[in-house]
Amino acid sequence: YVAGGEVATYREARGVNDVSFVAAGPTSNPSVEAQCARYGCYTDDTNSCLGMAQALVETRGAITAEAAARRCAALFRDNERYRGCPPTAKQLQALVLEGVPPALSGLPPHFPYPGGSFANGGAMRISPLGITHRDADVDALRAAVAAACLATHRHPEAVDFACVQAAAVRYALKAAAFDAARFFADVQAAVPPSSAMAGVVARTQAAFAAHPRGCGTFAEAADAAVAALTTIIAAAPRPGSGMGFQIASVHMCPCVLWCVARYAAEPLKAVQLAIAVGGDTDTTAAMVGGIVGALHGVGWAAGPLTEELENGAHGRDYALRMAEALYALHVM
């Protein structure tokens, strides 16, 4: 939401240039609380995942760049609640709905950066593909991921991170028991060995292996995670990104992998750790939740996490139905 033009009024921040958002979190302002409260609502990350899930179901798993782009953009436009997102994302969604081809939408002059976006948005929405492609070989997985990301996140680092996330979800679906070394090996195999993402995964694995995981408190685990991740992220500087807000794919990737590996046996704590490390917390938590959800099913999230989640046309029950439809697909 942004200021609405009249005193103490607010409107949805649908415009590309609507960037002065009402701050998130609890408020003591009764006007903000009455007009902007979003308790129990999911964010643009889950909205994008649902759009990708729709595209996969509609194409029976034979995802195309056009289907992924149009379905994600359409659900953002048509969802019963408006989910805020960055101006560049709004612009790309508008271009897709105007008919700009996916092969062009993520490049100049439509997108300001040559080579496309290296941000985390492609990986953020890719978890459903890890379900449908759980038995696909690496080449088929990578081709599907690249198609799904093409319109908005075609930079190699963005595609690599999306491959890591999809590989993590499919590992979790198929693992009889979580093994950190096997987990890191599986996600490492999804990216080119010489890529920047491969280096980030390797540094994360090495730091995690050296990290003591005894019976310390959750606060101690969070402090240790922040210290390790700060070092990993600092080794791969990217403009506009860092530990304070991990918008770059090479910065979000270690946060996701660390939280999953640290608390794979305790999924709620894995999501809590994703929040505790700070920065782009809704993205980190959504991606971590996707992986530990694939590992443990839905039982761990019973109670307030799901009972108080919005349940409109595209709410909790819809998401559960989409999960079942995705698992019914089996792309080889």
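**Close-up views of a predicted model**

**Figure 1. Setting of P109 in a loop.** P109 is found in the loop between α5 (102–105) and α6 (121–124); helices (H or I, at least four residues) and strands (E, at least two) are DSSP runs, numbered from the N terminus. The peptide bond that joins P108 to P109 is cis, with omega near 5°. Most residues other than glycine have a negative phi, and most peptide bonds are trans. The model is predicted: local features need pLDDT of at least 70, side-chain atom pairs count only at pLDDT 80 or more, and totals for chains, interfaces and linings use all residues. Residues are numbered from 1 along each chain as its sequence is written, and side-chain values use heavy atoms, with hydrogens and water left out.

**Figure 2. Backbone of R60.** Although R60 is not a glycine, its phi is positive, at about 55°. R60 belongs to the loop between α2 (44–58) and α3 (65–78). R60 counts as exposed because its relative accessibility is 60% (buried means under 20% relative accessible area, exposed over 50%, partly exposed in between; 1.4 Å probe, protein chains only).

Figure 3. N47 lies in helix α2 and has a relative accessible area of 1%, so N47 is buried. Leaving aside neighbours within four places in sequence, N47 is in contact with Y42, L75, F76, N79 and R83, where contact means heavy atoms within 4.5 Å.

Figure 4. C49 is in no disulfide, and the nearest cysteine sulfur, that of C72, is 8.5 Å away. C49 counts as buried because its relative accessibility is 17%. C41 likewise counts as buried, at 17% relative accessibility.

**Figure 5. Packing of helices α13 and α14.** Helix α13 (residues 249–262) packs with helix α14 (residues 267–276) at an angle of about 145°, and their axes are 8 Å apart. Axes are lines fitted to C-alpha atoms, for helices over the stretch in contact, and angles run from 0 to 180 degrees between N-to-C directions. The contact is made by W258, C259 and R262 of α13 together with A270, L273 and A274 of α14. These residues divide into five nonpolar, no polar and one charged (Ala, Val, Leu, Ile, Met, Phe, Trp, Tyr, Cys and Pro count as nonpolar, Asp, Glu, Lys and Arg as charged, and the others, Gly among them, as polar).

Terms used: A disulfide is a pair of cysteine sulfur atoms within 2.5 Å.
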